[in-house]
Amino acid sequence: NQRMKLSSGNKTQTQLSELEACSSSNEVKSSAVVKYSAAPPPTSYALLQEKTDLKLPPANWLRENPQLGSAGTTVLGSSSKSKPFSRYSRINIITINVPLQSGKSSNIKKLLKIPYSKSHVSMAVHRVGRTLLLDELDIQELFMRSSQTGDWTWLKEFYQRLIDQKWQRKKKSKEHWYQKAILSKFLYYSINGDGAAEAVPDSLNEGEEEGEAEEFSPSWPATFTNTPSDSEESTAPKEESVSVDSKFALGQVTSVPKEQNLPTLFNEGENSQGLRNDFVRNIMWTFEDIHMLVGSNMPIFGGGRYPAVSLRLRDNNKPINILTGIDYWLDNLMCNVPELVMCFHVNGIVQKYEMIKTEDIPDLENSTFSTRVVKDIAQNILSFLKSNCTKEGHTYWLFKASGSDIVKLYDLTTLCEEAEEEKCQNPFTLPVAVLLYKVASNMMLKARQNRKHYGTIRTLLLNCVKLLDEERHPQIIASAHYMLSELFQLDEPEEDGGESLRAGGSEDSYSDEEGEEEEELQEDSDDNGSHSTCSDPQDDSKAVAVIRSVGELSVPEKYRSTHQIRPSYVFPVSQDKEERCRHVLSCVLKGLKAVDGSIKKESDLPAADPNTPIPLKYEDRSASGACAAEKGIALLLDRVGPVQEDQKHPTRSGMIPGSWQHRMKLQLFLKASKAYYVLSDAATNLLKYGRALRYIRLALQCHDAYCSVSTTLHPRVLLFHSQCLSLCGDIQLMLAQNASNRAAYLEEYSYQTKEDQEILHSLHRESSCQAFNMATDLAMDPEYQLFVSSKCYEAAYDLLISGAVKDQGPDQLAQVLKRLGNIRNEMGVYYMNQAAALQADKEGIKKTSSGYPSGSPAKRSVSVAEQEMWKKSFAFFEKGMKDFEAIADNTNTALLLCNTGRLMRICAQAHCAVSADQSRGEFSPEEALYYNKAIDYYLRAMKSLASRESHPAVWDSVNWELSTTYFTLATLLQDYAPLSRKAQEQIEREVTEAMMKSLKYCDLQTESARQPLYQYRAATIHHRLASMYHSCFRNQVGDEHLRKQHRSLAELHYSKAVRLFLSLKDAPCELLRTLLERVAFAEFTMAGQSSSGAKLKTLTGALEIMTETCYAFQIIHKELLEEQTQVAEPTENPEAPESPSSSGLNLQEVMKLIGVFEPSLSFLLLQLVKLMTAMKRKPSNKDDEQLKLYKNVYSKLLRAEKNAPLLSRVELYMELLQQLNPQTGSGNTGVCS
């Protein structure tokens, strides 16, 4: 023997699988793409020597060889026959959007040879979406079984009654088996020319599969294993039991981690039951405009001028007929093989070899055929099937009897349903349902990248569920419902705007074909066409459609499709999260029912009626409840541990760990928990906190059941559980902050849907679901709700820092720490407000009480309750600061420091001394201590922020609080000076220091809402300092230098205070008081002067200061007029307040200041008149005019009516002041200064 290479080249099978070549003989177009191949790269074949005897077996005969695949052995025949559509269980990829699909190439070839062949044709046809699936339906084999199983008796009777009344089994001839054996030996000789058989290691085959088919390898969810009680199994030999060998890649389809994936449902050993892939390669073949997925076992050899050649064995005494030519031609087209090598023999003795190009095969002698006619046949058959195989889920039978020209199409599903036997069951139900299920499962893998598949997947799964009996096939049904729940995205935004989901198309669809189908549908909508060749009643009333003569198939466009096989797979698109979650929960519930129904241990289950609502009781929690809560949350961490592989004890419902029920329930519980979590989050965003708490309660109950069933918890599950606990903490916090709507929240919380009740009933089969009751109860006490919220966050934090989850979610850990800091701040503020309320209540009681014995000073007593509140508040603030510091959140750290400073101020206020008459006592050292602590915390907050740019709002708040604290400290020191403990000078220094620090933090430059407040405070500080120095100046005796210093400081601060009060424009009383004090200061200065000139100068300056009060009187006058207008027109503004001081003007204060103003002005004028009259020097004309003016004003002031209305008196003062200040008064009425 010698080897022959056809031509130079080294292309491999891998390259072939990627090659999409198009062969054309100017008549037809054909292209093939290998989608899956288990064969090694093609190698050159052995050229057998002439006279080689093929009747003698080679040494390697019938040994498994990857080059031949199963072709070398299966050509001898096999006694095992598969069930309908079982072959599709073995194809590694099923492309849904192709119009025609066949399990093996021989099915397609049978169809295309119908007009040329007299042999019978029997095929099952099923429609899935836009795809027609073909499988051989061996009637003879099925009827041989019917005597044993009884499941095909109805079809046998129908066949004998309408089609072949004298049916009998046809046996194959000895010549047939002889030719099969010679072909097998020839192939083995061709792959090993020296006759020596070499064992091919399995790793080659497996490696090639792994390398080439990785993209298309299937994976399924927990599917099914038929039990012996299933009728489908009982009606067939054991070696033909239907099962699915794969698992669903949940890691790609869901967010469940790979470690949690459902393991393979069937052992590898079950592959021997006929469930492995039957074909060496699966090919996507496009013939003209028809797209087909076919399986082929044809051996392909490489080398030479072309990437591949096919090898054929022919008897030299028998000419090649047209059927053989078509067979060879179609095989080469399907496998993209450009050349055929034919070996001729006589009685098994090799004679010669002949090489034929694929495009030359139709022109061979004695087997000439028109490729155009073959194309017309293919198009007519496809149109015929598309027009009549219209019901999804139904199985059709395409049958042509031997020697007959009539082709009939029957709906086997309908025939089975019409059968009279009561126990008659459709034998196609299970294989069709499995087919639908597996197609949907494969599409799920692609659906993550293209959500346009979702509508198709949903329809496939719904039809699958519709076909199956829940009691007999719970595993497929549960898995299908789980996949249906996976279609609704819970944690992703709508990316396609809904249009792509409604379209029901696919990225694999062929746009040209779709357009042609639409055109055909429009053109033929009013045209019956030749498809009306359906059987007449007298022919066969049971047939769906009939081809009267196979010759019609050769007529171009004889059959045109009037039914568009493209159903509208509309996926229910909803922008509403709650609706999507309800779809998910509905699927989960159906899946749980299927699983529960398959568990036999019913007697040990707790009795519960799914239609009876489980009450959600409110329980008043106490300290013991808090302890129970901590114990309950501590149980969570016990779940985090190593996998207990040896644990095989049944669960509460009787499930065995590792069973399909166990794995499916885990996934369904987790899916339900996620759905309820999303519902709770959505309700929280809508401020429906009662509904949100109910949903998070259900989510945690699902998780509790998950924990009860699972032997260990994966880190990703724990991360999700941490999210649930965090959300529960958020909801409890919101409920505590919105106590006014508690009645509405309780109503929302107590409502339950029937679906929720049934899911809860299923959960109770596995767990009592009590672990999280504490966290999800709707309490009526805000303090307890805050406590529960903090415990939820603490539990979430403990989960995230546990060994199993550590370093898994750093972002989530930061969020939980921020929530922890926030809830501790909330609790600190709550207890701080409680302490302030206790303090206010105590002050109210003391004001109404009789007080202490006369003359006995008292210090306010601080109650134990107040001190407890302070301690709790301080402890929570400290913990919160540590939480925020752990994540370097300086802004929130500053806020907690600011709140702690406020707590210190409340403590200071509680320690103030009260005298016997309930008046304020001296400033106590405890007050000073707490105020200084408050200042320290505020300064730490400023240091934490570093600068205003980091967070302007928080910076301004801390700055204001710090200024306020300094101001309060200084004010108390000044107003209630501790003279019994400190000297006057020391107190004055401390007051000055505190006032100046407060002034330092008064931000007068930045424009903000607080700017007027800062201006008012700064003016008040200057006024208070001026008053203090004024007092010191009056009381100081002896040290003249110090008196001068006090005098200059008083004048400085008075001038600054006046300037700031003038800029405010809404503080007339404060401005008037400051000016009057300044006038009094001038009068006191004049009293100490001896010379007339100095006194006159001082009095003149004082009178100028007095004229500045005109601006204050102008503001007072304006507000009085506004009040008078409001009182005079009540009907125009009925909502106007009736109080005369509604404008904010303090009339009592105004009257008091006027009582000071009038005598002070009279005194100044009188003293000026006296001094100017008593002057020795001769007065000038100007002095005479001034003297006359002073006398005139003084006279009017004396004659003024003391009981005149306030408005009239203010107008008089404005007039007199304008006369005293004519420069601004002339020509500009209404402005005095």
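Student: Does Phe720 count as buried or exposed, and at what relative accessibility?
Tutor: Keep in mind that this is a predicted model. Buried means under 20% relative accessible area. Phe720 comes out at 9%, so it counts as buried. Across the 1233 residues of the protein chain, 54% count as buried.

Student: And how do I read a pair of rings?
Tutor: You describe a pair of aromatic rings by the distance of the centres and the angle of the planes. A search of the whole structure turns up 24 aromatic pairs. Take Tyr677 and Phe720: their ring centres are 5.6 Å apart and the planes sit at 70°, so this pair is edge-to-face. It links distant parts of the chain, with Tyr677 in helix 20 (residues 660-685) and Phe720 in helix 22 (residues 715-737), 43 residues apart. Tyr677 counts as buried too, at 18% relative accessibility.

Student: Which kind of pair do Phe923 and Tyr931 make?
Tutor: A stacked one, because planes under 30 degrees apart count as stacked and theirs are at 25°, with the centres 6.3 Å apart. Both Phe923 and Tyr931 are buried.

Student: Where does Arg1017 lie relative to Trp960?
Tutor: Over the face of the ring, at 4.0 Å from the ring centre. You can look at Arg694 in the same way: this residue lies over the face of Tyr695, at 4.7 Å from the ring centre.

Methods:
Residues are numbered from 1 along each chain as its sequence is written. This is a predicted model: local features need pLDDT of at least 70, side-chain atom pairs count only at pLDDT 80 or more; totals for chains, interfaces and linings use all residues. Side-chain values use heavy atoms; hydrogens and water are left out. Buried means under 20% relative accessible area, exposed over 50%, partly exposed in between (1.4 Å probe, protein chains only). Rings of Phe, Tyr and Trp (its six-membered ring) pair if their centres lie within 6.5 Å; planes under 30 degrees apart count as stacked, over 60 as edge-to-face and the rest as tilted. Helices (H or I, at least four residues) and strands (E, at least two) are DSSP runs, numbered from the N terminus. A charge sits over a ring if NZ of Lys or CZ of Arg is within 6 Å of the ring centre and within 35 degrees of the ring normal.
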